[in-house]
Amino acid sequence: KTTSATRRIAILGSTGSIGESTLSVLDHADDLGEADFEIVALTANTNVEKLAEQARKYKPAFVAVADESKGEELRSALADTDIKCGAGAAAVEEAAEMETDWVMAAIVGAAGLRPTLKAAQRGADIALANKECLVCAGDVLTAAISKAGGALLPVDSEHNAIFQVFDFDQPERISRLILTASGGPFRSWTKEEMGTATPAQAVAHPNWSMGAKISVDSATMMNKGLELIEAAHIFPVSHEKIEILVHPQSVIHSMVEYVDGSVLAQLGTPDMRTPIATTLAWPTRTSSPSAKLDFAEVAKLTFEAPDLIRFPSLRLAREAISAGGIMPAALNAANEVAVASFLSGGIKFLDIAAISEQVLDRSVRLNGPATLSTLEEAMDADSQARRMAEECVAARAAA
Ligand code: NAD
Ligand code: MG
């Protein structure tokens, strides 16, 4: 692995919520003279305007837009610069393959798997926000990271919290991981009310400002289900020892309980720039622009057990990880299709978990305990589950 005084950085998904927060942390560190970095590559899905604006400001060597049809637009927007432009999924992978030391994996969904894996195989440190790629092919990705010698630095606030208080030298002395959940916008809604929830209501998260997909996942609590699977891949702890606890204030970002009864937690304001700064500076620390906690203002921290009846996604995630093999990939793909359909008005809110459950059940019946040890197996499981979920969506539209 190469080390250079100047940190070479790539941001996959730079136009998204996490991508922009990452650039904000870098700007802040730069203003304070705390970081010496060079942005080498930036990527986006379709937002050429924002990508070109970022490119003009940060002057990366390469920018890529995943949407092939946007290639010309990107090239003409940057025609008067010497920034190389690419378009299509292969160009995003090319961005991941550029020589960099630290890669922010902030693409949403399983679409981020191939580029993240490419960066991992090169030995870059991976700041991982893209939880779906761990859910889809966790063993493949973590094996690639360890083989090439980079670090896996969790960006997801819960995993980042655990990472900061997890004693990797004695994981057997850890009795429990407690993943906190805000409960999302429908925490106190009845199931009946949830039945008529609109996309606008579902993306209005009480504490965090995030992309549309993860906001809907927070409303169904599938986000916490995906995070349970994510945690089981990042930390050497069995999923049975991972608990989910609703904590509406989102101040305690997660906790680790040791066998002697000690519970260690990481706290902070709900601002992703804190965990991002942690991964950027690890194993040291850097400043971040996020607000500091005012405990007197927070005044009260409360906790409640999650409701598995109103939020069946939590049960589905447990079932998927217990079944193992391709099942988490199937559940993730079904959820991605269902969430996209809900956001575009195709299905109702409660259909998201119902379709995910139908696909998971069908996948278990069809594939039995199919193991997953290669990228191809993960992509096949992902495609198969997407087809099944599309059928479920179509059946609802026809009904
Ligand atoms: P977002 O929708 O705001 O941004 C997603 C980014 O990925 C954009 O840059 C988009 O252009 C790019 N992208 C989307 N589809 C793509 C495709 N098919 N190919 C290539 N690029 C594509 O999402 P976000 O909120 O920034 O979340 C990104 C990831 O981080 C998700 O996996 C999410 O679960 C995770 N995460 C986000 C937060 C948060 O606070 N936003 C917190 C924890 C984890
Ligand atoms: Mg999270």
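## Burial in α10

A residue is buried if 20 or more other C-beta atoms lie within 10 Å of its own, with C-beta atoms placed from the backbone. In this predicted model, Ile214, Ser215, Val216, Asp217, Ser218, Ala219 and Thr220 of α10 are buried. That is 7 of the 9 residues of α10, so the helix is mostly covered.

Several helices take part in the cover. Among what lies over the buried residues of α10 are α9 (199-202), α11 (222-234), α14 (313-323), α15 (327-343) and α16 (349-367). Met221 follows α10 and has a positive phi, near 70°.

## Two domains

The chain splits into domain 1 (7-155) and domain 2 (160-398). Their C-alpha centres are 23 Å apart. Across the boundary, 32 residues of domain 1 are in contact with 36 residues of domain 2.

Which elements of domain 1 each supply at least two residues of the side that touches domain 2? They are α1, α5 (113-121), α6 and β7 (152-154). Helix α6 gives the most, with 10 residues. By class, this side of domain 1 has 19 nonpolar, 9 polar and 4 charged residues.

## The ligand site

## The seven-stranded sheet

An open sheet has 7 strands, paired in parallel. Their order is β4-β3-β2-β1-β5-β6-β7. Which strands stand at the edges? They are β4 (84-87) and β7, each with a single partner strand, so one side of each has no neighbour in the sheet. On average, neighbouring strands are turned by 20° against each other, direction ignored.

One pairing can be followed in detail. Strand β1 (residues 7-12) runs parallel to strand β5 (residues 102-105), and 4 bridges join them. Ala10 stands opposite Val103 in β5. Helix α2 (residues 48-58) lies across β2 (37-44) and β3 (62-65). Helix α2 runs at about 170° to β2.

Val337 is found in helix α15. Is Val337 buried or exposed? It has 25 C-beta neighbours inside 10 Å, so Val337 counts as buried. Helix α15 is itself among the elements that cover the buried residues of α10.

Leaving aside neighbours within four places in sequence, Val337 is in contact with Arg386, Ala389, Glu390 and Val393. Cys392 is 55 residues away from Val337 along the chain, yet their C-alpha atoms are separated by 9.9 Å.

How values were computed:
Residues are numbered from 1 along each chain as its sequence is written. Chains are lettered from A and ligands numbered from 1 in the order in which they are written. This is a predicted model: local features need pLDDT of at least 70, side-chain atom pairs count only at pLDDT 80 or more; totals for chains, interfaces and linings use all residues. A residue is buried if 20 or more other C-beta atoms lie within 10 Å of its own, exposed if 12 or fewer, and partly exposed in between; C-beta atoms are placed from the backbone. Two residues are in contact if their C-beta atoms, placed from the backbone, lie within 7 Å. Domain bounds come from an automatic or database domain assignment. Ala, Val, Leu, Ile, Met, Phe, Trp, Tyr, Cys and Pro count as nonpolar, Asp, Glu, Lys and Arg as charged, and the others, Gly among them, as polar. Two strands pair if DSSP finds at least two bridges between them. Axes are lines fitted to C-alpha atoms, for helices over the stretch in contact, and angles run from 0 to 180 degrees between N-to-C directions.
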